[in-house]
Amino acid sequence: MSISEKTRKIIWVEAGGRCAICKVLVLTPGTATDDPSVFGEEAHIVARSPGGPRAGGLAPGKLDSHDNLLLLCSKHHKQVDDQPLRYPVEELRRIKRDHAAWNAALAPRNQPVLVPDPRFAQPVASETLATGSRLWNLFVECPATSYTYPNHLPQGDGDLIVEFLNLLRSYAENIQHMRGARALMDAEHALNGYLAKLADRNYSLGAQVRRALAAGTVPGEAVAWYELHLEVRPVGSGQERNPADSQTGLIVHRSGGRNGEVRGRGALSLGRLATATAGVLVVAALFVVGWVLPETFDRDAAKDRIREAFQSDDDLRYSIEFFDEGDSLVLPRGFRLTDPQRQVLRNFPDEIDGFRQLQADLRAAGAANPHTLTLRVTLEGRRNQPIRIDDVRPISLRRTDPHSGTLLDIPPQSSGQTIRMMFDFDEADPRARIAVPDGGVGNEPGDLFFEHHTLEVGDQVEEVVVIESIIDQGAATFEIGVDYRIGGQAKRLVIDNQGVPFALTALNCTQRSRHDPRGHTSSEGHARYEEIWKLSTGFTLTPVDRPDRYGMGYPYC
């Protein structure tokens, strides 16, 4: 018996494509000449061979089952098999359970989790499409099409690209009804025409088929998710563009494509397109009436209807910034830094760019801020009508025990920002509260913020809010929900850290600081971690000899 394809898919998706011990993504990026490299391995908890590590006690028919397998990188696969006493059966099962729970906590609720399909090499370079026939064949192969095209285009170029994408949206909505050779020939002919028009304006169309596995669509299974990615790019611009300087979007095919049934956000259908067109005609008529009867006509609402008909702009755009980026981070229990990651820490602060990238990687892997997380959130209105913000609060809140893995202890610096709002995660239901100075250098949560303050943004008008989150018990991952109203409609914007929840943890204190009657510290508190890197007096990071008894004074321990 061997591992079935279904079991292999489940193992990879349940692990999020990451090693259950070090949490590293087991896929290295490709290069201009080579495909990416997969170094993940399905490791047996109980060995298949009679003399192997942890062999015995399991029926032969169960050896290649999901319950007896976990995903590891090649390094840790070898380590667990070479050190069976350190990694007995129950320990590996615990590691697998904890890793699955950790990975599930990273995923937004009710959304598929996507990981690279290990059966396929992931594309490195885009194919430049020359014919409508080739584009159509790729389009119908996949259940979804994503796209990018440059910002700041000349008016005619932008109109052409949007018209082309709207045609693809129409095909996506009605693809299951397109039967017969004539319908397919018409589609290929129309796509040929747009490719020619794009070429006339010195644009090419690049394409990649990205193959992944999706969990969360069919209970207990991983489903193939094939996504066609299209990139409209100026001729001679090369293969890569800065995502921040591009428009992006996703078209989900009504039929699910040939290779999957994964559903997502609906595309702009022909019916919606017709409604939008009719809406523009009505708006145009209303503009005429508006000049005659201005007191009965809301021009801002009419302009917003035009924007909604032809653009995919959200009502609100946001950006976030962490303060201070030099603050400490704590990794979950069981997370092991890799040798290259430790080398980045040893090179601090000389290679600050590498350290900043390491911070981002560790946050994506579940690292949390200890005790305090301060975010600068910038909200920008994208509608002519005023947008009133009714509430800002943590959502998708998940609680665990405090992180106790690796601590990077880099004392926080003053952000220089005036804190306006606070979340106290020791409350059962954290709400936005007014930040009140505590008489020292910090703040404490006061009254509910929106009982005393209002926030409102207009078109391209920004509102900046600095939010301080605190926790003294347990750990929490969360997103931020912004509830707002526009034109009588209640809506919600969800803010996260580039697809990953924000994370905050209390210190893993084993002893609290004690104070004498005059308030002076009589004994310092201690915390326990698996590994600690501390900022030394020479402004370098060095490992601590006794991470199991690390001095942490008030207010941390």
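**C22 and C19.** I looked up the cysteine sulfur closest to that of C22 and found it in C19, at 3.7 Å, which is too far for a bond. For a disulfide I took a pair of cysteine sulfur atoms within 2.5 Å. C22 has 2% relative accessibility and counts as buried. My accessibility classes, for protein chains only and with a 1.4 Å probe, are buried (under 20% relative accessible area), exposed (over 50%) and partly exposed (in between).

**Basis.** This is a predicted model, in which I required pLDDT of at least 70 for local features and 80 or more for side-chain atom pairs, while totals for chains, interfaces and linings use all residues. Residues are numbered from 1 along each chain as its sequence is written, and side-chain values use heavy atoms, without hydrogens and water.

**C509 and C557.** I searched the whole structure and got one disulfide. The bond joins C509 to C557, with 2.0 Å between the sulfur atoms. The torsion about its S-S bond is about -85°, so I noted the disulfide as left-handed. C509 sits in strand β25 (residues 509–511) and C557 in the segment after β31 (550–551), so the pair ties together parts 48 residues apart in sequence. Helices (H or I, at least four residues) and strands (E, at least two) are DSSP runs, which I numbered from the N terminus. C557 is buried, at 3% relative accessible area.

**C142 and α4.** I found C142 buried, with a relative accessible area of 0%. I then checked helix α4 (residues 132–141): seven of its 10 residues are buried, so the helix is largely enclosed by the rest of the structure. The buried residues of α4 include G132, W136 and E141.
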